[in-house]
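Biologist: I'm new to this one. Can you walk me through it, a piece at a time?
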Amino acid sequence: MKNMELNIKSNGLWLLLLLLVMTGCEHKKVILTPEGYDITKPDKIELGSKLDEISGIFWVNDTVMIANNDESGKIFAINLQDRKNYEYPNIKFGPKDDYEDIVKVGDTIFVLVSTGSIVKVTGYKTDSTIQAVTVATLPGKNEFESMYYDPGTHSLVMLCKTCHKEKDKIRSAYRFDLNTQTLIEEPFYRVDIDAIRTILDDSRNEFKPSAAAIHPIQQKIYMIASVGKVLVVTDKQGKVEQAIPISPTMFPQPEGLTFAPNGDLYISNEVATDERATILRFPFKQKQ
């Protein structure tokens, strides 16, 4: 009889512990997709070998997206409506270098070099009028892969992958003011890596961003990191709101990110272990 009572008490104690653990897990629940998206179900666009090293994308209109290959000084135009004949004639603007991202503002295209230089490309409609000029360089030993346009400040914002002034727990953003054509050397904002690690419950996550853009409707910054395999959503001052682990299978090497005006999200992958480089489209469904 005493053994039976002990078993009942023991089983009751285990049940209580299980309920406590489950309750604690509810409070630490990680949301695995950003609001308005299902990042498990993309519409995939496969690209040809010329864009195996695709490292930046920018949505232009329903028909055209521009992209850059990080090993060549060329701008590629991708036909979004014809999957079999996706590529328009490319634009050669400069020599081989480590080009990491691309942005179009009005009729001007800007290309980011990994060291923290911004190349301004104009007159690209014909080979005879094309001009490419380096308009900014951040001093020091730095590595960048991300640049996006901020219409609120009419600026280009570069986000460090690693920068010489950074500590291990921050990633800094720097702003190039398009009104004054000036690079401001004080950080525009800083992203707290510990905040990302806390949400992920992963104290070793590195978070080295490889692409970023501002959501046109939510007005949040979306940052993706190939190193660290995480999608981070922040406010426009870089305060972390979400950190979502991403599938290495679906995102083997995500290097580009852009939005259509309706909120549709596009993320590009370099070829990595896949047979082809890809652009993944995630439709946006706004809450009614």
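**Starting from one serine**

Modeller: Let's begin with S172, which sits in strand 12, residues 170-177. Keep in mind that this is a predicted model.

Biologist: Is S172 buried or exposed?

Modeller: S172 counts as buried, because its relative accessibility is 2%, and the cut-off for buried is under 20%.

Biologist: And which residues is S172 in contact with, leaving aside neighbours within four places in sequence?

Modeller: With those neighbours set aside, S172 is in contact with M158, L159, C160, E166, P187, Y189 and R190.

Biologist: C160 is a cysteine, I guess. How many disulfides does the structure hold?

Modeller: There is one disulfide in the structure. C160 is joined to C163 by a disulfide, with 1.9 Å from S to S. Both of these residues, C160 and C163, are buried.

Biologist: Remind me, what is a disulfide?

Modeller: A covalent bond between the sulfur atoms of two cysteines.

Biologist: Which hand does the disulfide of C160 and C163 have?

Modeller: Left-handed, because the torsion about the S-S bond of C160 and C163 is about -90°.

Biologist: OK, let's zoom out. How many helices and strands are in the protein chain?

Modeller: The protein chain has two helices and 20 strands. Of its 288 residues, 47% are buried.

Biologist: What about contacts between residues 24 or more positions apart?

Modeller: Among contacts in the protein chain with a separation of 6 or more, 47% are between residues 24 or more positions apart.

Biologist: Now the inside. Which residues touch the most other members of the largest nonpolar core?

Modeller: I75, L156 and M158 do, in a core of 30 residues. At least two residues of this core come from each of strand 6, strand 7 (108-113), strand 8 (117-122), strand 10, strand 11 (155-163) and strand 12. Strand 7 supplies the largest share, five residues.

Biologist: Tell me about I75. What is it in contact with, beyond its neighbours within four places in sequence?

Modeller: I75 is in contact with I66, A67, N90, I91, F93, I102, I109, V111 and V121.

Biologist: Switching topic: what volume does the largest pocket have?

Modeller: The largest pocket has a volume of about 330 Å³. It is lined by 21 residues, and the closest to its centre are F58, Y149, A213, I214 and F259.

Biologist: Which elements give two or more residues to the lining of the largest pocket?

Modeller: Strand 2 (54-59), strand 6 (99-105), strand 10 (142-150), strand 14 and strand 18 (254-259). Strand 6 gives the most to that lining, with four residues.

Biologist: And what is the lining of the largest pocket like by class?

Modeller: The lining has 17 nonpolar residues, along with two polar and two charged ones.

Note on methods. Residues are numbered from 1 along each chain as its sequence is written. This is a predicted model: local features need pLDDT of at least 70, side-chain atom pairs count only at pLDDT 80 or more; totals for chains, interfaces and linings use all residues. Side-chain values use heavy atoms; hydrogens and water are left out. A disulfide is a pair of cysteine sulfur atoms within 2.5 Å. Buried means under 20% relative accessible area, exposed over 50%, partly exposed in between (1.4 Å probe, protein chains only). On a 1 Å grid over the protein atoms alone, a cavity is a set of points where a 1.4 Å probe fits but cannot get out, and a pocket is an open set with protein on both sides within 12 Å along at least five of seven lines; lining residues have an atom within 4 Å of a point. Grid points are joined across faces, edges and corners, and a volume is the space filled by probe spheres set on the points. Ala, Val, Leu, Ile, Met, Phe, Trp, Tyr, Cys and Pro count as nonpolar, Asp, Glu, Lys and Arg as charged, and the others, Gly among them, as polar. Contact means heavy atoms within 4.5 Å. A nonpolar core is a set of buried Ala, Val, Leu, Ile, Met, Phe, Trp, Tyr and Cys residues joined through side-chain atoms within 4.5 Å.
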